[in-house]
Amino acid sequence: MAAEIVNPRSDSDTDGGTRGASDEPFDPAFALHRGGKMAVQATVPVRDKDDLSLAYTPGVAKVCSAIAERPELVHDYTWKSQVVAVVTDGTAVLGLGDIGPEASLPVMEGKAILFAQFGGVDAVPIALATTDADEIVETVVRLAPSFGGVNLEDISAPRCFEIERKLQERLDIPVFHDDQHGTAIVTLAALRNAARLTGRGLGDLRAVISGAGAAGVAIAKFLLAAGLGDVAVADRKGVVSRDRDDLTPVKRELAELTNKAGLSGPLESALAGADVFIGVSGGTVPEAAVASMAPGSFVFAMANPNPEVHPDVAHKYAAVVATGRSDFPNQINNVLAFPGIFAGALQVRASRITEGMKIAAADALADVVGDDLAADYVIPSPFDERVAPAVTAAVAAAARAEGVARR
């Protein structure tokens, strides 16, 4: 179904009033987005001919020649080490789905201003007019000399896995699909604190994930790597298990890594006795299934705008409840992770983002909560000024420890 446009402002509607050309109630979202949410701004003045001769010709030729002789100087004398490309094809935009590259731009601009606001990192939105995985890879490879990192955004599964893998193989700068890894990092941080609150470790927990797309697959793998006891992932047809003959290559690999308990059947049956529910798929989980979970369970229902389990229902049975929404406690929000991750990686000119760097980011994020830990506070707010510096420092230190830092 096409999205309904509610009173975009006409060109003549510039007085900031509450009525537009259609005499419908003025929508502030359109006012905020008029002309876009970002711009390119110079960092040096060009006030006179002397400034011009330094910023452009002839002064710029000296810098170009120096970089030609020593390519590593590009990091010191251009914006490369301070800017990220936010790349999408518009096929999996928020809850809107495949809306195309043009319609994705407001989201990509939003991502870019979050990079700046929360991580002090410049970012450029790039929406590509192709959904072919190889074409996306080739395009980004050719754009890469201008950027210090690549944040893949809102690219549908399973192509997103292939695109990220191929770019990581071909580029020597960080390539990070935030829908996968950002979600997984923040989920792990919240889960660590929920377990600490209830006197358990990750190894004591069995989780069930609703959704076997980009986020679900990444969360499952990441939690297992961090020491989770067991996790089962369910797609539309039920639990991903080895006995299914309808699995994609990605899901076949997932079946080999997950579900040590050998569960099969629908999501609801897997939830019986489970310690953790993680929702990244939408839909609705019946209350009876939530009630069947183990005592002291955790419900992380992260679909937006409608969580798979409404918090009012989840609180009847769960010790800790988290959502993807900002109007409930414990918001699992990617903005807690990606600005600091890229800031740390760029700070040390990392060649890639490793699993160790992601684990370090999750640990640092969890540690911000500290002694204030409570059922309604297992993850900090994006506006907590301690978050980005803590994640940045942890990621930079991990990059050095893992040998991928170049400064």
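These legends go with close-up views of a predicted model.

**View 1. The second largest pocket and its lining.**
Let's start with some empty space: rolling a probe the size of a water molecule over the atoms shows where such space is left. The second largest pocket has a volume of about 950 Å³. Its lining is made up of 25 residues, and those nearest the centre are Val40, Gln41, Ala42, Thr43 and Trp79. At least two lining residues come from each of α2 (49-55), α3 (59-69), α5 (101-119) and β2 (122-127).

**View 2. Glutamate 109, a buried residue with no salt bridge.**
Look along helix α5 to find glutamate 109. Which side chain of opposite charge is nearest to glutamate 109? That is lysine 37, 4.1 Å away. A salt bridge needs a nitrogen and an oxygen within 4 Å, so glutamate 109 has none with lysine 37. Setting aside neighbours within four places in sequence, glutamate 109 is in contact with Gly36, Lys37, Met38 and Pro125.

**View 3. A salt bridge between aspartate 89 and arginine 159.**
Side chains of opposite charge can pair when their charged atoms come close. In this pair, the closest N and O atoms of aspartate 89 and arginine 159 are 2.8 Å apart. Aspartate 89 sits in the loop between β1 (83-88) and α5, while arginine 159 belongs to helix α7 (residues 159-170), so the pair ties together parts that are 70 residues apart in sequence. Are these two residues buried or exposed? Both aspartate 89 and arginine 159 are buried.

**View 4. Aspartate 235 and lysine 251, part of a salt-bridge network.**
The closest N and O atoms of aspartate 235 and lysine 251 are 3.0 Å apart. This pair links distant parts of the chain, with aspartate 235 in strand β6 (residues 230-235) and lysine 251 in helix α10 (residues 249-257), 16 residues apart. Both aspartate 235 and lysine 251 are buried. Which residues are linked in the network? They are Asp235, Lys237, Arg244, Asp246 and Lys251. In the whole structure, a search finds 25 salt bridges.

Definitions and conventions
Residues are numbered from 1 along each chain as its sequence is written. This is a predicted model: local features need pLDDT of at least 70, side-chain atom pairs count only at pLDDT 80 or more; totals for chains, interfaces and linings use all residues. Side-chain values use heavy atoms; hydrogens and water are left out. On a 1 Å grid over the protein atoms alone, a cavity is a set of points where a 1.4 Å probe fits but cannot get out, and a pocket is an open set with protein on both sides within 12 Å along at least five of seven lines; lining residues have an atom within 4 Å of a point. Grid points are joined across faces, edges and corners, and a volume is the space filled by probe spheres set on the points. Helices (H or I, at least four residues) and strands (E, at least two) are DSSP runs, numbered from the N terminus. Buried means under 20% relative accessible area, exposed over 50%, partly exposed in between (1.4 Å probe, protein chains only). Lys and Arg count as positive and Asp and Glu as negative; His and the chain ends are not counted. Contact means heavy atoms within 4.5 Å.
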